[in-house]
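Try each task before you read its solution.

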Amino acid sequence: MKQLFLFMCLISLIGCTNEVVQPEKTINCTISLANNDTVYNNVLSTVTANITTSNTEVSKIEYFIDGISKKTLFSKPYNLDLTLTDLKTGIHTITLNVTSTDNTSKSFTKDFFFKVNLGDIYQGGVVIKLSSNKINGVI
């Protein structure tokens, strides 16, 4: 009887429920680029997406450069080979929208530096360096 009393007290303190607690679903991603996060004009670069999940699976990955869609991938590997020619020299952003099989989406971003090499054809001209006065420009 004493054991029954203790059991009833324990139930009243803890509570009795049939609620099932679902495990937390997580998506994490690290984005990496070769060449110390520098992308060169008209040179093939690979964006590597290392994606880890818990209690869910990836259904698709959407790649954006400065908000402009570049590619959607539906299976591993989730890496993107790209050759960029239409950006201005400077800092730009890669965004990955990762969507899970239960339609939960999460975004990840990484900044990179876009550089045009001397001698490259770029936006209607050729990048040159005038050595006498060390001026860079486009003609």
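Two strands pair if DSSP finds at least two bridges between them; strands (E) are DSSP runs of at least two residues, numbered from the N terminus. The model is predicted, so local features need pLDDT of at least 70, side-chain atom pairs count only at pLDDT 80 or more, and totals for chains, interfaces and linings use all residues. Residues are numbered from 1 along each chain as its sequence is written, and side-chain values use heavy atoms, without hydrogens and water.

**Exercise 1.** Work out the strand order of the open sheet of five strands.

*Solution.* Step one: the order reads E2-E8-E7-E4-E5, and the pairing is mixed. Step two: look at the edges, where strand E2 (38–40) and strand E5 (68–73) each have a single partner strand, so one side of each has no neighbour in the sheet. Step three: pick a pair, such as E4 and E7, which run antiparallel and are joined by seven bridges. Within that pair, Tyr63 has Leu96 in E7 as its bridge partner.

**Exercise 2.** Decide whether Thr95 is buried or exposed.

*Solution.* First find Thr95 in strand E7, residues 90–100. Its relative accessibility is 17%, so Thr95 counts as buried (buried is under 20% relative accessible area, exposed over 50%, partly exposed in between; 1.4 Å probe, protein chains only).

**Exercise 3.** List the residues that Thr95 contacts beyond four places in sequence.

*Solution.* Take contact as heavy atoms within 4.5 Å. Leaving out neighbours within four places, Thr95 contacts Glu62, Tyr63, Phe64, Ser107, Phe108 and Thr109.

Methods: Helices (H or I, at least four residues) and strands (E, at least two) are DSSP runs, numbered from the N terminus.
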